Structures are given as structure tokens and as C-alpha cells.
Amino acid sequence: MSKLTSSHAWQALKAHHIAIEPVHMRQMFRDDPARFDKFSVQLGSLLFDYSKNRINAETIKLLTNLARQSGLQSQIERMFVGEKINFTEQRAALHTALRNRSGRAVYSNGKDVMPDVQRVLELIRGFSDKVRTGEHVGHTGKRITDIVNLGIGGSDLGPLMVCEALKPYSLPALHAHFVSNVDGTHLSETLKRLDAETTLFIISSKTFTTQETLTNARSARAWLVEKLGNEQAVAKHFAAVSTNLEATAKFGINPQNVFEFWDWVGGRYSLWSAIGLPIALFVGMDKFEELLGGGYAMDEHFRSAPLDKNIPVLLGLLGIWYNNFFGAASNAVLPYDQYMHRFAAYLQQLEMESNGKRVDRDGNTVDYNTGMVVWGEPGTNGQHAFFQLIHQGTRMIPADFHAPLHSYNPFEEHRAIPLANCFAQTEALMVGKTEEEARAELVAQGLQGEALEALLPHKVFPGNRPTNTFLFERLDPHTLGMLIAMYEHKVFVQSVVWNINPFDQWGVELGKQLAGKILPELRGTGIASPHDASTSGLIDYYHKHY
């Protein structure tokens, strides 16, 4: 057994699970009418209701004991003050500094990073204002109408999700597009809708060497030059977020339109940095700074609130409760707001790339599960697609529900329907439907005898399925910033308990390395490398049929 699983706090939770596992949440709510008040936390306009979980006060006490045993509070401080907690890459993880609105200094390697952060924010403001007001024009003097972000992973998922979520704040005359897939279809289908004279491309690559991004960038450059007939057009139609000024200059990008960020900014935590340039262009720098303010508000809460009243801490510990003690393998994220339709995809990378680790900080193989599969779609679409599995399937799937109280598009007939469905689904997942209730329902419908008995088992819902509900006034930039930072800190909480590094991602490297060997073979420009029979067969099949 590992140090974690043999610890007193872990073993106490294991014993507690045996006691609480048979208890139905129906009974918990009957026994404690004040359960909602006890198990909910409000921060500003954000309400976190976690009362529909298979927990009681003792569960929270034991989970927070586990967090204390893991040294969570000291680890939180280590992150905020810039220690190199990403120890495999010898880096700090200072994404919190990017949204620091306090005026406090934040140090990395003995240097206060805040002057550089503020300097880049001002550069972003200057450039985004010029594009949005029409001061920055294209090569032929026409105003920019379309922005195309060329990035992948964190350089795509974060800005894309935020731009979709904050679309009500965008300029009607300015459209945002995101190209990430190196499959030429993604770029081709995007370019078909664009006018080269009015298009601005943003290349988001810290090193300016990312294969997928640079392949798309070179193809976009060729398209632009062909359409406008002049290499000099590149300077007006391309910007970059990168630290490689030599490469961006060689590409033809004006150095004034290159925005830096730092090695202490991890890719999946980077939307707060210059990687957020598309956000500032799309919704304006004021709204981008409101997003930063929301993240900062959650940072301050995370850093100071008691563990048993701390939203990210509770969210992370509940995930550990279901993952490690109930055996849940996935977590559904279900926003009842169409503007959040890319939120689950964003969280997939945040959680699965961060905590998808098999060894602890000491290099030992863990003997407990880390991470969960994160997935989801907006309600009410999901209700007509996969909710069946959550309700009556054999697997426990904890689910997070998100819903605004007010919509930006209040068609009167639509207004209350999403909220009614959101509340109803969490209630249905909790209470289920007993055999007695199902029988009474069928009898009331006039069914009896063999027909009733045959149908009865199919109408029973076990219930006792855990959910969290997040309610907020409306999906504005501040609220979205709070939600994003909340999940970032949830991931960190779990990593501390599991004793893993959430800020590296060595697992993605092997596929890249092997692709680098196979690509020349497919192009016929390299010597064949030894492969397994399957891979060799696939390569041969390609050459025979291409």
C-alpha cells in the first residue's frame, strides 16, 4: 500500500464509505430538512449547491482531514507565491498572477512578474482597441471583420470556449474563427467564408514550432499572399502570441504585433495571458479584464476560505470521494446555457491532461485512481442523448449542472424551460423512482396483470445519483472567470491529495515523437523505421492506395 492509501485519513474514509454506501439520499433529505442550507456555498452571485451528494457532515469532516493530511493549505500558498511546484520542468505555475488585481507583487526566480504582466496587458489593449475601432486596417485599407486564431490545445480550447460563452458582448461586425486541427479540412472550410482583405490571423505558439499550428499558419499565409498578391500584406494580416521573435519576424509579422508570455504559464492555464488575445479582440479589453477579475475573486476565495466552505476544495474532494471510494470513472459537465456549449471540451483538457498521471511526485506508481474522464453537452440536448445512461445505467456518473437565472435571449416561452429541466434532472437523479411508485403509476394508467409486471422493472430508477448545481445571475465575463478558476483549483486540490504533478504533460510526447518518424516514411523522404506489424501494415497500405 502507498503512503496515501495506508494513511489514517484514507482508511477513515474507506470505513466511512462502507457505512454510507447503502444510505439513499432520499433518506438523507428526510432526516435533515436543512440539508440545502448546510451543503451550499455562495460566493458573490455564484451559488454552489452540493446537497445532492452521497455525503453527510462526517463525510465532509473526513474529506477535509484528508486535505489537511496532504498539506493542501501550504501547497496552495506555494503555488501563489511562485515556487517551482511544476518540479519535472523546474517551473512555477503562476497563472494566478495573470489575473492578480490586488497590486501585490508576485515573484518568480526572485523577480516580480507583475510589471511584465501589466505591460503585456496594455499592449493587448492597444492592439485590440485599434482593430476594434478600425484604426488597424488590412493591406488594402479595409477594416478587419474576421479574426482567425491558429492554435491547438490550450492555445485553442480556452479562447474558443470563452469567445463562444461571451458572444453577447462581441461586436456584430467582428467575427471570430478558430482553426486547430492540422487536417486541412478545418482551415479550408474556414477560409472559404473569409475575405483576405479583411481577415486577421493570430498564430498562438509559444515556441513558434508547434507542428499543427505552424502547418496551418504557413497555409494561411500562402492563401493570403495569393489573394492579395503581395508578401508585404503579411505584416498587416498576421499577429502572433509567442516568445520566438526571430521566427515570427522571419514569417513576416510586425514585431509590434507579437505578444509574449512566459514559461510559468502552462498551455491549458493560458487563456488569461496573451493567448487570450482573440478574447480581447472579440469582446473588448474591458470585458477581458472583467474575466480576469472573476478569476481573481475565485483565487482570493480559494486562498482564504476555510476548507469546509471553500468551493474549489469541496468540488475537488467530492471528486476524490466518488473516484477513489465509489469507483466512478467519469464526470459529466452539463451547462443549461447554449453559450457554454464548449465548456465541457475545455474542462476535458484541463482535468484529463493535468491529472492523467500514473506516478506520484516521488516517481512511484500509484495504487489509486487519478483523474476522471470529463465529458458533457448542454442541456436540454443531453437529456435526449445520454442522460438515459446516467439515470438507469450501471455506472455511477457524478454530474455538474450549470445554469444562469437570466438569459441574454429571453424569448418568453423559452425563459423558464431550461431552469425547470435543470432542477428536475438533479431531483430525478437524486430521488429516482421506486418499484412501488412505478407500480402505482402504471396502475393509474390502467395497466395490470402480466403486462404490468413485464413493464415494471423498466420503469424503476435507482436514484441516489450525485450532482452538483451551480447557479449564477447571468453568464457575464466576471462569472465565467470565476467558473474557470474554480475548476483550475479543483484540479490542483486533487493533484495535491493524489501527490501528482498537474502541470506537466509528458504523456502527449510519445505520440509526437513517433509521428515525427512516420511522417517522412509516408512522404517517401525518410528511411523506414522498425515498427510493429500493425503499424508497418498501415504504412504499406497507405503507399499502395495513396
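This is a predicted model: local features need pLDDT of at least 70, side-chain atom pairs count only at pLDDT 80 or more; totals for chains, interfaces and linings use all residues.

Mentor: Along the principal axes, the C-alpha atoms fill a box of roughly 80 × 60 × 55 Å. For 546 residues, a compact globule would have a radius of gyration near 24 Å, and the 26 Å of this protein agrees with that. Inside that outline there are 22 helices and 13 strands. Of the 546 residues, 52% count as buried. Among contacts with a separation of 6 or more, 75% are between residues 24 or more positions apart.

Now to the part I would pick for you, strand E12, which covers residues 399-404. Buried here means under 20% relative accessible area. Because 6 of the 6 residues of E12 are buried, the strand is largely enclosed by the rest of the structure. You can follow this on both sides of the strand: Ala399, Phe401 and Ala403 point one way, Asp400, His402 and Pro404 point the other way, and all are buried. Next come the neighbours of E12. Strand E10 (residues 330-335) runs parallel to E12, and 4 bridges join the two; in this pairing, valine 333 has aspartate 400 as its bridge partner. Strand E13 (residues 467-472) also runs parallel to E12, with 6 bridges joining them. There, threonine 467 of E13 stands opposite alanine 399.

The largest nonpolar core has 119 residues, and Trp264, Phe343, Leu480 and Ile484 have the most contacts inside it. Helix H20 (residues 477-498) gives the most to this core, contributing 13 residues. A second, separate core holds 24 residues, including Val148, Leu150, Ala217 and Phe251. If you click on tryptophan 264, you will find that it touches, among others, Ala92, Leu94, His95, Ser108 and Val117.

Most residues other than glycine have a negative phi, and most peptide bonds are trans. Glutamine 90, in the loop between helix H5 (72-80) and strand E3 (107-108), has a positive phi of about 55 degrees. With 52% relative accessibility, glutamine 90 counts as exposed. Phenylalanine 208 has a positive phi too, near 60 degrees, and lies in the loop between strand E7 (199-204) and helix H9 (211-228). At 6% relative accessibility, however, phenylalanine 208 counts as buried. The peptide bond from glycine 379 to threonine 380 is cis, with omega near 10 degrees; threonine 380 sits in the loop between strand E11 (373-375) and helix H16 (387-392).

A search of the whole structure finds 0 disulfides. Cysteine 163 is buried, with a relative accessible area of 1%, and cysteine 422 counts as buried at 0% relative accessibility.

Terms used:
Residues are numbered from 1 along each chain as its sequence is written. Side-chain values use heavy atoms; hydrogens and water are left out. Buried means under 20% relative accessible area, exposed over 50%, partly exposed in between (1.4 Å probe, protein chains only). Two strands pair if DSSP finds at least two bridges between them. A nonpolar core is a set of buried Ala, Val, Leu, Ile, Met, Phe, Trp, Tyr and Cys residues joined through side-chain atoms within 4.5 Å. Contact means heavy atoms within 4.5 Å. A disulfide is a pair of cysteine sulfur atoms within 2.5 Å. The radius of gyration is taken over C-alpha atoms; the globule rule is 2.2 Å times the number of residues to the power 0.38. Lists of a residue's contacts leave out its neighbours within four places in sequence.
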